[in-house]
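This briefing goes through one protein chain by topic. Look at the overall shape before turning to single residues.

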Amino acid sequence: MVTSRSIKQVFNNGNGFTIIEVLIAIGILSIGILGMATMQISSIRGNNTAGKLTSNSIWAINRIEKIIALDYDDAELTGSVYDHDTDTSLSAHLAANVGVGLHQNPVSSDGLDNNSDGQIDETGETGAMTMQWQVVDDYPILDSKWIQITVSKGTGLAQKTVSIIYYKINTI
Ligand SMILES: [Ca+2]
Ligand SMILES: [Ca+2]
C-alpha cells in the first residue's frame, strides 16, 4: 500500500528517503535552477542593451557639443531648405529630400571608437557603429536649423539606435 510520509516520519523511522522522493526533489530543484539561468541570460541581455544605449547617447551629446561650436554656415551644417509655403510637415519634407543635408564622416575620421577596442580612429578601423546627422534649414522658424543626430551600434536584431534633435539659431 502506498502511503505518503511526512519529513518528520522519514527522520524518525531511520529508513531515509526513497529513490522516487529523491528524484522528485532533484526535478523540482532543476526547474528552479533553470528559471534562475533564464533570468541571468535576460539580465545580461538587458545590461548589454543599456550599455549600448548609454554609449550611443554619450557619443550623440558629444557631437552636439561640437555642433554648438560650429558657425551657423559651416559646411557640416548644410541642410535641405524648408519652404514654409509649400512644405506641409517636417516628415513629408524629409521624405521628399532623402539624403539631402545628411552628414556622415568616414569611419577612420568620425571621432568614434567604431570597433569598441578602446582606440578612436586607429589605422584600419572598421566596426558596426555609425553616426550621422541630418540638417533642415529654416525649420521650425527662419534663421534656425533642425539637426537630428543618430548614433547606431551593433548589427541586425542587436542594433541599438539613439536619436537626439538639436536646434541651432542664427544669432547674427
Ligand atoms: Ca577603435
Ligand atoms: Ca572611428
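The model is a predicted one. The protein chain holds three helices and five strands. What order do they take from the N terminus on? They run α-α-β-α-β-β-β-β. The radius of gyration is 29 Å, well over the 16 Å that the globule rule gives for 172 residues, so the chain is more spread out than a compact globule.

**Overall shape**

- Taken along the principal axes, the C-alpha atoms fill a box of roughly 95 × 45 × 25 Å.
- Of the 172 residues, 14% count as buried.
- Take the contacts between residues at least 6 apart in sequence: 50% of these join residues at least 24 apart.

**Helix 2**

- Helix 2 covers residues 19-69.
- Three of the 51 residues of helix 2 are buried, so the helix lies largely in the open.
- Those buried residues are K52, N56 and R63.
- They pack against strand 3, strand 4 and strand 5.
- An α-helix has 3.6 residues a turn, so residues three or four places apart point the same way.
- I19 lies in helix 2. This residue is exposed, because 7 other C-beta atoms lie within 10 Å and the limit for exposed is 12 or fewer.
- I19 and K153 are 134 residues apart along the chain, and their C-alpha atoms are separated by 53 Å.

- Strand 3 (residues 129-137) and strand 4 (residues 144-153) run antiparallel, joined by nine bridges.
- In this pairing, M129 stands opposite K153.
- Strand 4 also pairs with strand 5 (residues 160-169). These two run antiparallel as well, with ten bridges.
- Here K145 stands opposite K168.
- In a regular strand the side chains alternate between the two faces of the sheet.

**Nonpolar core**

- The largest nonpolar core has 13 residues.
- Which residues have the most contacts inside this core? They are V136 and I147.
- Strand 3 and strand 4 are the elements that give two or more residues to the core.
- Strand 3 gives the most, with five residues.
- Leaving out residues up to four places away in sequence, I147 touches I67, W133, V135, I165, Y166 and K168.

- The hairpin of strand 3 and strand 4 has six residues between the strands.
- D138 takes a positive phi near 60° in this hairpin.
- P140 lies in the loop between strand 3 and strand 4. The peptide bond from Y139 to P140 is cis, with omega near 10°.
- D143 has its place in the loop between strand 3 and strand 4. Phi of D143 is near 60°, a positive value in a residue other than glycine.
- Is D143 buried or exposed? D143 is exposed, because 12 other C-beta atoms lie within 10 Å and 12 or fewer is the cut-off.
- Most residues other than glycine have a negative phi, and most peptide bonds are trans.

**Hairpin of strand 4 and strand 5**

- This hairpin has six residues between the strands.
- G154 takes a positive phi near 90° in this hairpin.

**Loop between strand 2 and strand 3**

- D121 is found in the loop between strand 2 (102-103) and strand 3.
- Phi of D121 is near 55°, a positive value in a residue other than glycine.
- D121 has 15 C-beta neighbours inside 10 Å, so this residue counts as partly exposed.
- T123 is found in the loop between strand 2 and strand 3.
- T123 is exposed, with 6 other C-beta atoms within 10 Å.
- T123 and S109 are 14 residues apart along the chain, and their C-alpha atoms are separated by 9.9 Å.

Definitions and conventions. Residues are numbered from 1 along each chain as its sequence is written. Chains are lettered from A and ligands numbered from 1 in the order in which they are written. This is a predicted model: local features need pLDDT of at least 70, side-chain atom pairs count only at pLDDT 80 or more; totals for chains, interfaces and linings use all residues. Helices (H or I, at least four residues) and strands (E, at least two) are DSSP runs, numbered from the N terminus. The radius of gyration is taken over C-alpha atoms; the globule rule is 2.2 Å times the number of residues to the power 0.38. A residue is buried if 20 or more other C-beta atoms lie within 10 Å of its own, exposed if 12 or fewer, and partly exposed in between; C-beta atoms are placed from the backbone. Two residues are in contact if their C-beta atoms, placed from the backbone, lie within 7 Å. Two strands pair if DSSP finds at least two bridges between them. A nonpolar core is a set of buried Ala, Val, Leu, Ile, Met, Phe, Trp, Tyr and Cys residues joined through C-beta atoms within 7 Å.
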